[in-house]
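Dear colleague,

Please find the structure below, handed over for your use. My findings follow directly after it.

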Amino acid sequence: MVIDFAPPSEGRSFVTDYVKSTSSVAPQEARVRPATSPSPASELSSGVPIISVEHVSLDYKKEKEPLPVLVDVSLAAFKDEFVVITGPSGSGKSSLLRIIAGLNKPTSGRVLFRGTPVTEPRQEVAMIFQNFVLLPWRTALENVLFGLASRKDIIEERKKDLAMMALENAGLKGFENVYPGELSGGMKQRVGIARALALEPQALLMDEPFSSLDDLTAEHLRRGIYSLLINPSSPIQTVIMVSHNVEEIVELADKVVVLSPRPGHVVGELTVDLPRPRNKKSKEFFDWVDMVYSLLA
Ligand SMILES: Nc1ncnc2c1ncn2[C@@H]1O[C@H](COP(=O)(O)OP(=O)(O)OP(=O)(O)O)[C@@H](O)[C@H]1O
Ligand SMILES: [Mg+2]
């Protein structure tokens, strides 16, 4: 399956649906859940969450005293749900994503993947890092293959097919044999995205993945990732993205989890019931943008 989400400047267009029907609820009626009340079942939420974060706290060890970064954070990401975590700089968003990915251990609390505790990185959960670094001596294709090296369940030929398809999905067809030094910043970022997609994850974690891209490229990649989430033949079943970009949040999120300044705790959870595809020029869209701004302020 190839989802075409290259920017229009490269002469390509989407081939997949970008439609997900949800009921329309005006922002003033939106459900903002205080941190202490139980999580409601949204229209998309059913059964066991794909990812659940239960009462996670994190202290980084400092020389004199511990640095509290996260306090009692709980959230869930269900099938077909696009969850956005937002909050001020330094509130622990990247740290939380690393804990969800199994890269860092929480000081207390736990993360579950389909009900099983996450104690180390899992093949089913892939992460696109905030500061993605490519290996400069490897081509784009080799960088993506490097991410697949740990997969023992598939043969080398299949790995190459997956890597080529992921690069194509990220709009990098024709750049497979190019070295990072010859790629633009946005293209490097897209190699990072391809590297995560090639893993065929069920849960995709993204840490400000579009922040360094131009508007047009970012928009096409957003739509591409969303297409993958709702496409039944794609393995991706849930997405958790960290973002500061309020328009991006309203465009993509089914659910927004807002963290306080450090130490980060959940100050609100917002279910965005704006119908899709979302019209970024509509009054309803701007009403939601205002609403999310007010939560962050
Ligand atoms: N490995 C580490 N060791 C010690 N402290 C760290 C470490 N990583 C992050 N921190 C500290 O933890 C806090 C939260 O950092 P984190 O990167 O998770 O925040 P963030 O919400 O992602 O910020 P931003 O929006 O700027 O990316 C910061 O005060 C940071 O200095
Ligand atoms: Mg961060």
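Helix α1 gives the most residues to the shell around ligand 1, namely three; helices here are DSSP runs of H or I with at least four residues, strands are runs of E with at least two, and both are numbered from the N terminus. The shell consists of Y60, L67, V69, S89, G90, S91, G92, K93, S94, S95, Q130 and R262, a residue being included if its C-beta atom, placed from the backbone, lies within 6 Å of the ligand. The elements giving two or more residues to this shell are β3 (67–77) and α1 (93–100).

This is a predicted model, in which local features need pLDDT of at least 70 and side-chain atom pairs count only at pLDDT 80 or more, whereas totals for chains, interfaces and linings use all residues. Residues are numbered from 1 along each chain as its sequence is written, while chains are lettered from A and ligands numbered from 1 in the order in which they are written.

The protein chain contains seven helices and 11 strands. Of its 297 residues, 41% count as buried, that is, with 20 or more other C-beta atoms within 10 Å of their own, C-beta atoms being placed from the backbone.

Two of the helices also meet. A140, L141, V144, L145 and L148 of α2 are in contact with K159, K160, L162, A163, A166 and L167 of α3, contact meaning C-beta atoms, placed from the backbone, within 7 Å. No polar residue takes part in this contact.

Yours sincerely

Technical notes: Ala, Val, Leu, Ile, Met, Phe, Trp, Tyr, Cys and Pro count as nonpolar, Asp, Glu, Lys and Arg as charged, and the others, Gly among them, as polar. A residue is buried if 20 or more other C-beta atoms lie within 10 Å of its own, exposed if 12 or fewer, and partly exposed in between; C-beta atoms are placed from the backbone.
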